[in-house]
Amino acid sequence: MTEQSREPSGFFAAERSAEIVAASFAGAEDERLREILTSLVRHAHAFVKDVGLTAEEWAAGIRFLTETGRKCDATRQEFILLSDVLGVSMLVESLNNPADGESTEATVEGPFHLVDSPERELGDAIGEGGEPCLVTGRVTDTSGAPVAGARVDVWQADADGFYDVQRPGEVPGGNLRGLFTADADGRFWFRTVVPRHYPIPTDGPVGALLRATGRHANRAAHIHFQVSGPGIRTLTTHLFADDSPYLDSDAVFGVKASLIRTFARVDDPDRAAEHGLPNPFRHVDFPVTIRRDASV
Ligand code: BEZ
Ligand code: FE
């Protein structure tokens, strides 16, 4: 037997195809890589057999993936979008951050956290062009202790449903993004505009897939949060507006009931003046509970 032959697989045979190909990875030094590739091959071969894939269909699939890659550039990540609409992003997120009944639930990061958010002072406005809104919150750990100095990174789409990186000519990272540092009591607050539902980009292969399957492209209205800090697990999540359409049919399956909040209407001239907001304004509170993690 030569070094190249692979027992027990031998020559290719459709009935044992996954076993034969999986055996080719037996020599991989990285055990995890071997495990992942073996499982991938097993599932891919089972899929091909399950649907009786034709050569034309496989070629169409390759063309689709090629187009998906071609659509990617510095501000567009079509592969993340594909993973999102197939629910894979949410599955990975959910398995790696299981709901524990104590900490705030995670959801997808999405493809628009591509640029660093500008560092801002507590109370700053992150952008404009919509209904003025005050967002408040407090970062605590699961024992209820404040996470002083937690970093709270927020980003959202504008009133037309576009992220700044999607606007030709706009400075990426310039609008509706902010990186805040919570105060000694874990509190944060900032001004923004009420988020609106919006469609994910549909001018690429993922949009074609949605159209071909009769699916809409809309995401329920949300603000993205990524909360981090020394000694805490980084949390990537959203705050969803309870009056938004598409909460139960979000295009990327990102909605969790525990993340839905009311953007209350506030008519209070003193409070509006205190925050530099017009009166009336909207207010939403988003307390964030994070697990401490000795390994971070
Ligand atoms: C977003 O919310 O920014 C997003 C998430 C997944 C796909 C497209 C957009
Ligand atoms: Fe978003």
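Predicted model: local features only at pLDDT ≥ 70, side-chain atom pairs only at ≥ 80, totals over all residues.
Residues are numbered from 1 along each chain as its sequence is written, chains are lettered from A and ligands numbered from 1 in the order in which they are written, and side-chain values use heavy atoms, with hydrogens and water left out.

The chain holds 7 helices and 12 strands, taken as DSSP runs numbered from the N terminus (helices H or I with at least four residues, strands E with at least two). Its C-alpha atoms fill a box of roughly 85 × 45 × 35 Å along the principal axes. Of the 296 residues, 41% count as buried (under 20% relative accessible area; exposed is over 50% and partly exposed in between, with a 1.4 Å probe and protein chains only).

A pocket here is an open set of points on a 1 Å grid over the protein atoms alone, where a 1.4 Å probe fits, with protein on both sides within 12 Å along at least five of seven lines; lining residues have an atom within 4 Å of a point. About 240 Å³ of space lies in the largest pocket, the volume being that filled by probe spheres set on the points, which are joined across faces, edges and corners. Among the lining residues are Phe47, Trp58, Phe64, Phe79 and Leu209.

Turning to the metal, the iron ion (ligand 2) is coordinated by Tyr163 (OH), Tyr198 (OH), His222 (NE2) and His224 (NE2), at 1.8 to 2.1 Å. Donors are N, O and S atoms within 2.8 Å of the metal (3.2 Å for Na, K and Ca), and sites may look incomplete since water is not among the atoms. Along the chain, the donors follow the spacing Y-x34-Y-x23-H-x1-H. Tyr163, in the loop between strand S2 (151-155) and strand S3 (177-181), and His224, in strand S7 (residues 222-228), link distant parts of the chain, 61 residues apart. Tyr163 is buried because its relative accessibility is 1%, and His224 is likewise buried, at 3%.

Finally, the cysteines: the count of disulfides (pairs of cysteine sulfur atoms within 2.5 Å) comes to 0. Cys72 is partly exposed, at 24% relative accessibility, whereas Cys133 is buried, at 0%.
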